[in-house]
Amino acid sequence: MSGRVRTGGYVGFADLPNQVHRKSVKKGFEFTLMVVGESGLGKSTLINSLFLTDLYAKRAPIPALDRINKTVSIETNCVEIEEKGVRLRLTVVDTPGFGDALNNEKCEEAIIKYVANQYEAYLQDESGLNRRNIVDNRVHCCLYFISPYGRGLKPIDIKFMRSLHDKVNIVPVIAKADTLTKNEIRSLKARILEEIEENNIRIYQFPECDSDEDEDFVEMNKDLKESLPFAVIGSNTFIVKE
């Protein structure tokens, strides 16, 4: 009579989600975030405050005269973040020079080329023999910063989002929202959504909740949907009153 084999726990396909979860947590996750918008809208400050880090400590401000003929460049910063045992490799793609020149007719071309190159590189890695250590540098989300000082979208905003909306999840945000009153924010949001619809721009839409989802999660998802475009404020300076 053969001996019995003792297992360390339940064995069956019902345990597959737990196995996938453990494997994913052990490996960690990768996320690439692109930030696009004119200079002075607080992009760097918001990113630093979101992830409690200083990705742009060594960046020096560019004089106003030098911005006139400056072309768009692509800068990437990577940082490892860990929260409750879950590791995240965050890559922030910045686009200094966007919208700063006198002639911004083709300022989106460098960004579109970068996004396309990352898709091509990922496809080549997936088609290769060694796919174990593939690094995913595709842009997963683009935060597009809209100026709070106008009355809606500028032509450059419309052109950029229409050029990229079929390649990247675009999340429009109204920068420096603390310069506006609550009524002004509501009015600006309505105007932006109206112009987005008029120009057939596809922005990121939060997925619908399943019928068995938790009520708190459903309510939070509803609030997020109704908040688009997000009005954001960023700060990484603490003022202590003695």
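Me: What relative accessibility makes valine 218 count as partly exposed?
Reply: This is a predicted model, with residues numbered from 1 along each chain as its sequence is written. Local features need pLDDT of at least 70, side-chain atom pairs count only at pLDDT 80 or more, totals for chains, interfaces and linings use all residues, and side-chain values use heavy atoms, without hydrogens and water. Buried means under 20% relative accessible area, exposed over 50%, partly exposed in between (1.4 Å probe, protein chains only). Valine 218 is partly exposed because its value is 33%.

Me: Which helix holds valine 218?
Reply: Helices are DSSP runs of H or I with at least four residues, strands runs of E with at least two, numbered from the N terminus. Valine 218 falls within residues 215-227, which is helix H7.

Me: Why is one side of S2 and of S6 left without a neighbour in the sheet?
Reply: Strands pair if DSSP finds at least two bridges between them. The open, mixed sheet runs S2-S3-S1-S4-S5-S6. Strand S2 (75-83) and strand S6 (230-231) stand at the edges, so each has a single partner strand.

Me: Which residue in S3 is the bridge partner of isoleucine 81?
Reply: S2 pairs with S3 (residues 86-94) in the antiparallel sense, over nine bridges. In S3, isoleucine 81 is bridged to leucine 88.
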